[in-house]
Amino acid sequence: MANRLSCDVVVVGAGMVGAACALYAARAGLDVRVVDRGPVAGGTTGAGEGNLLVSDKEPGPELELALLSARLWAELAKELGPAIEYERKGGLVVARTPDALAALSGLATRQRAAGVATEPVDEDRLHKLEPHLAPGSAGGVLYPQDAQVMPALAAARLLHACGVRPHTGRAVTGLLRTADGSVRGVRTEGGDLHAPAVVNAAGTWGGGVAALAGVRLPVLPRRGFVLVTEPLPRMIRHKVYAADYVADVASDSAGLRASPVVEGTAAGPVLIGATRERVGFDRSLSLTAVRALAAGAIGLFPFLERVSALRTYAGFRPYLPDHLPAIGPDPRVPGLFHACGHEGAGIGLATGTGKLIAQALTGKTAELDLTPFRPERFDTEGGHTP
């Protein structure tokens, strides 16, 4: 009786990626349970802006995943309607100098060849698209595919859509194994859940879940702050950010990186990001980071200098050293699958990740080549933690 299966698959993590894995696994016919030590969207998802971006990605595996995810998000938006606050507002990337515009235009050319919709924008059109933008920029690129959801709401709606009631407030303390080492479920503070497959969708804490299985997945936290203004009339029409944001996303620096990302929301407040720094799990307020956010945002939209900031919040992006998530089965532990390490792109990449995990769980051919995302790629010591 103790070894009786509770379900077909246990998803560890009730953030956006875990919710998407649960959704697509359930729609593939699997009986799914979701377990999380906190509430739904209680980690990185709840501290995010809800970005669904293709604009900030170089051609390659991550962009392919972003394009797949964008298509799936659009399908879910038609199905779920306004329940997830999906808005295809488009992204407007602004280059302040001719050199920055040349680099941005080169990126856009490469992206266009990979399937991204891009529109070059001269300085005059910049101000038609965003009348309150600061003058003096050299130009920019418009990305009509960029979109946004309300992340905590969307994660909850995805779980509701697949009929899964998550086991929240139950930390996973161990992985259950068979005699041959295969996964047989999870041990939690509220009891065991037996299943032949476990999906590690624990975000920034994905390395810890992997360690419970005795394997290495070097997920690190990368802290970021977001500023939230008082509610305003819709004065910012797109997701607007400076061209140097792309370089900050790709940076390996542990120090503070700040580049402005500014957008309005349906509820009225303006969201201002984005900072990145590796400081462990330190949540303390950094005035240096917040001031950098404010200065960058005012540089793009001078009217914000007269606007009150109501609050700021911090979250931790799950960072892997090569800036690609770990997605798919772990050959070191049969029955263990990973879906984590998406850094700041987890909301946008969640749907594609969930679809790929569901295909792997059911033995179907994956829509994308999973080789670049293989979880054992960092393993140089036989797959086990020292």
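The second largest cavity is lined by L232, P233, R234, M235, I236, G264, G268, V270 and F303. On a 1 Å grid over the protein atoms alone, a cavity is a set of points where a 1.4 Å probe fits but cannot get out, and lining residues have an atom within 4 Å of a point. This is a predicted model, in which local features need pLDDT of at least 70 and side-chain atom pairs count only at pLDDT 80 or more, while totals for chains, interfaces and linings use all residues. Residues are numbered from 1 along each chain as its sequence is written, and side-chain values use heavy atoms, leaving out hydrogens and water.

A search of the whole structure turns up two cavities of 30 Å³ or more. A volume here is the space filled by probe spheres set on the points, with grid points joined across faces, edges and corners. The table sets the two side by side; Ala, Val, Leu, Ile, Met, Phe, Trp, Tyr, Cys and Pro count as nonpolar, Asp, Glu, Lys and Arg as charged, and the others, Gly among them, as polar.

| Cavity | Volume | Lining residues by class |
|---|---|---|
| Largest cavity | about 40 Å³ | six nonpolar, two polar, no charged |
| Second largest cavity | about 30 Å³ | six nonpolar, two polar, one charged |

Around the largest cavity you will find L52, L53, V54, A66, S69, A70, W73 and G348. Helix α2 (residues 61-80) gives the most to this lining, with four residues. Helices (H or I, at least four residues) and strands (E, at least two) are DSSP runs, numbered from the N terminus.

Now to the sheets. Five strands form an open sheet in the order β2-β1-β11-β18-β17, with mixed pairing; two strands pair if DSSP finds at least two bridges between them. β2 (32-35) and β17 (326-329) stand at the edges with a single partner strand each, so one side of each has no neighbour in the sheet. From one strand to the next, the twist averages 20 degrees. Axes are lines fitted to C-alpha atoms, for helices over the stretch in contact, and angles run from 0 to 180 degrees between N-to-C directions. β17 and strand β18 (residues 336-340) run antiparallel and are joined by four bridges, and P329 has F337 in β18 as its bridge partner.

Helix α1 (residues 16-27) lies across β1 (9-12), β2, β11 (198-200) and β18, running at about 170 degrees to β2. α1 also packs against helix α9 (residues 346-361), at an angle of about 35 degrees and with the axes 7 Å apart. The contact (heavy atoms within 4.5 Å) involves M16, V17, A20, C21, Y24 and A25 of α1, and residues of α9 including G346, I347, A350 and L361. By class, the residues of this contact divide into 11 nonpolar, four polar and one charged.

A second open sheet has three strands in the order β8-β9-β10, with antiparallel pairing. Its edges are β8 (172-177) and β10 (191-194), each with a single partner strand, so one side of each is left without a neighbour in the sheet. Ignoring direction, neighbouring strands of this sheet are turned by 25 degrees against each other on average. Five bridges pair β8 with strand β9 (residues 183-188) in the antiparallel sense, and R177 stands opposite V183 in β9.

Methods:
1 Å grid on protein atoms, 1.4 Å probe; cavity = no way out; pocket = protein on both sides within 12 Å on 5 of 7 lines; lining within 4 Å.
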